[in-house]
Structures are given as structure tokens and as C-alpha cells.
Amino acid sequence: VSAHSIHPNAFSELEADILEQIGVIFSVGISRMEDLKQVEGVQQSLQISESLHRGAIEAIDGIPYHRDYDSNVYRYIGNGIQELTGYSQDEWTPDVFGSIVLERNNLDSLDEWNAEFLIKTYSGAKKWIADAARPVKDKTGKVIATIGILRDIPRQKQFDREIIQLQ
């Protein structure tokens with residue numbers, strides 16, 4: 001196109017129009033490639049952040065989860081759920097969780113849901129676990145999901161029993 005402006009007779013009017021359209025197509029393509037590079041950078045940052053969060057949770061022997069209340073499913077449950085409960089990630093559902101709870105101690109606050117549960121594992125053993133969660137709300141304030149961490153707490157429960165015995 002710039003050659004056409006320097007040498008007006010180098011291209012016919014049709015050729016100049018075609019070249020101009022090709023130039024527009026290339027500029028759109030280049031712009032999209034730059035957008036894709038930005039998206040890839042954001043995705044890489046998100047992957048790093050997710051890896052750090054999961055690593056921190058695993059360092060405290062926590063099992064992260066995301067429970068959706070509308071569909072009544074766990075959208076995500078961490079790898080350690082089988083070691084904690086005896087149920088695999090595929091088997092773990094809100095109904096399974098509800099069915100194995102023998103006792104519940106609520107420790108809720110306004111923005112966090114904290115509870116301790118005595119559960120019966122798949123093998124029949126009894127153990128205490130802690131659930132620390134935050135509700136996810138829609139625009140109307142309705143709780144639509146929870147994001148939380150499950151942890152095995154035998155040492156904490158043993159410490160609690162020893163304190164009671166000392167009193």
C-alpha cells in the first residue's frame with residue numbers, strides 16, 4: 001500500500017484495495033496474537049498462584065474443596081480425601097459426607113464456617129476432622145457454594161481431652 005502511494009501506477013485500484021484489506025487482516029491477526037500472549041501470561045500467573053495455594057494447604061495436611069449447593073456436588077476435592085476418609089475423590093459427595101458424620105461441633109463465625117466432625121471412615125474407624133470454610137454468595141446474598149479445607153485433628157482432640165481431665 002505504501003508502494004502504491006509512492007508509485008501510484010504500480011498497482012491497479014483493485015490490487016490496491018486487496019492489499020489494503022490484507023493489511024487490515026494482518027493487523028487484526030497481530031493484535032490477536034498480542035492478546036493471546038497476554039492471556040497466556042495471565043494463565044501462567046494463575047497456575048503459579050494455584051500451585052502455591054495448594055502447596056500451602058498440603059503443608060498443613062489440608063484437603064481443599066469446593067462444594068456447589070445448587071447442584072449438590074463437590075466441584076473439587078483434594079487428593080487426600082481417600083487417606084482421610086477411605087472414600088476416593090470420585091466417591092466423595094455431600095450425601096456420603098452427611099452419612100458418615102456421627103457428631104458435629106459448630107464453631108461458626110459470621111464470615112467463616114468452622115466445625116469439627118466425628119466421622120466413621122470407609123473402614124469403620126472413627127476419627128475427628130475439622131472443616132474450615134467460607135461461603136460463596138451470589139448477588140442477592142444467597143450462599144451458593146463453600147470453599148474450604150478439611151483436616152485430620154487427632155492431636156488437637158487428644159489435647160482437648162487432656163485439658164478436660166486436668167480440670
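**View 1. Six aromatic pairs are counted in this predicted model.** Rings of Phe, Tyr and Trp (its six-membered ring) pair if their centres lie within 6.5 Å; planes under 30 degrees apart are stacked, over 60 edge-to-face, and the rest tilted. Tyr-65 and Tyr-74 make an edge-to-face pair, with 5.7 Å centre to centre and 80 degrees between the planes. Both tyrosines, Tyr-65 and Tyr-74, are buried (under 20% relative accessible area; exposed is over 50%, partly exposed in between; 1.4 Å probe, protein chains only). The model is predicted: local features need pLDDT of at least 70, side-chain atom pairs pLDDT 80 or more, while totals for chains, interfaces and linings use all residues. Residues are numbered from 1 along each chain as its sequence is written, and side-chain values use heavy atoms, without hydrogens and water.

**View 2. Tyr-87 and Tyr-122 form an edge-to-face pair.** Their centres are 5.1 Å apart and the planes make 90 degrees. Tyr-87 lies in the loop between helix 3 and helix 4 (94-100), and Tyr-122 in the loop between strand 4 (113-120) and strand 5 (126-137), 35 residues apart. Helices (H or I, at least four residues) and strands (E, at least two) are DSSP runs, numbered from the N terminus. Tyr-87 is buried, at 15% relative accessible area, whereas Tyr-122 is exposed, at 54%.

**View 3. Ring pairs join residues into a cluster.** The members are Tyr-65, Tyr-74, Tyr-87, Trp-92, Phe-97, Phe-117 and Tyr-122.
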